[in-house]
Amino acid sequence: MRKTTLKNGLRILEIPQNASLAVTILVLVGTGTKNETKNLQGISHFLEHMFFKGTKKRKTAIAVSEPLDRVGGMYNAFTGYDYTGYYAKVDAKHFDLALDWVSDIFLNSLLPPKEIEKEKGVVIEELNMDNDAPMQRIQIVWRELLYGNQPAGWNIVGTKESIMGLTRKSIHDYMKSQYVAQNTVVCVAGNLKEETHREMEKKFHAVRSS
């Protein structure tokens, strides 16, 4: 494994796996539910959704998903109490595409106002589904009982009221405060090329310092 810290403070981890035919790129940010305030519950998870709604280069949600779908790639994101992650996994020959895609959604997401309003309905439906599924619901209730009304006891998805209260400004401000180089790790694993490090540094040197 190779670890490098860029001048802006961002850390890059390279994990060669020469026997693999694939490569995975993961951007992990050290922010989640624990960094939220009561009126902004669920903002970490909501921002994760918004990164798939359009960038300066890929203007629409379809334009974001299509390039990796076309080559059979896997991609997704996840939010926890301490972290938020974005990743793409592709055949190693499509490394350049995956790197461009991950860095694009991370650095250039537009947060379109119309998509924010549409996504509120999607996330509220996700919350409804969690509340209707006994296995999911018990996890929510357990945290509430164990930790009470503070970030460790809140639902990652938020509440209907907090979701509906989100604005583009509150989402942008949260991203600006948390999505900084010193709070970010980029990991690449799999069948790596000799120039992988140089290409990673070129793409992520633009991540803003705090």
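This is a predicted model: local features need pLDDT of at least 70, side-chain atom pairs count only at pLDDT 80 or more; totals for chains, interfaces and linings use all residues.
Helix α1 covers residues 43-50. Eight of its eight residues are buried, so the helix is largely enclosed by the rest of the structure. The buried residues are I43, S44, H45, F46, L47, E48, H49 and M50. Both strands and helices supply the cover. The strands include β4 (74-79) and β5 (84-91). The helices include α4 (113-132), α6 (160-164) and α7.

Helix α4 was examined next. Its 20 residues should span 28 Å at 1.5 Å a residue. The C-alpha atoms at its ends lie 29 Å apart, which agrees with that expectation. Buried positions in α4 are E115, I116, E119, K120, V123, I124, L127 and D130. Among the elements covering them are α1, α5, α6 and α7.

The side chains of K120 and E117 meet at 3.3 Å, N to O. The two residues are three places apart in the helix, about one turn. An α-helix has 3.6 residues a turn, so residues three or four places apart point the same way. E117 is partly exposed, at 48%.

Helix α7 (residues 168-178) holds a further pair. K169 forms a salt bridge with D173, and their closest N and O atoms are 2.7 Å apart. Because they are four residues apart in α7, about one helical turn separates them. K169 is exposed, with a relative accessibility of 59%. D173 is partly exposed, at 34%. Elsewhere, salt bridges that share partners join K57, R58, D100, D104 and K203 into one network.

Q178 also belongs to α7. Its relative accessible area is 15%, so Q178 falls under the 20% limit and is buried. Leaving aside residues up to four places away in sequence, Q178 touches V29, T31, N35 and N183.

In total, the structure holds 14 salt bridges. One of them joins the side chains of R2 and E14, at 3.9 Å from N to O. This pair links distant parts of the chain, with its residues 12 places apart. R2 lies in strand β1 (residues 2-5), and E14 lies in strand β2 (residues 11-16). R2 is partly exposed, with a relative accessible area of 45%. E14 is buried, at 7%. Side chains of opposite charge can pair when their charged atoms come close.

W142 sits in helix α5 (residues 134-147). Its relative accessibility is 53%, over the 50% limit, so W142 counts as exposed.

Technical notes: Residues are numbered from 1 along each chain as its sequence is written. Side-chain values use heavy atoms; hydrogens and water are left out. Buried means under 20% relative accessible area, exposed over 50%, partly exposed in between (1.4 Å probe, protein chains only). Contact means heavy atoms within 4.5 Å. The expected span of a helix is 1.5 Å times one less than its number of residues. A salt bridge is a side-chain nitrogen of Lys or Arg within 4 Å of a carboxyl oxygen of Asp or Glu.
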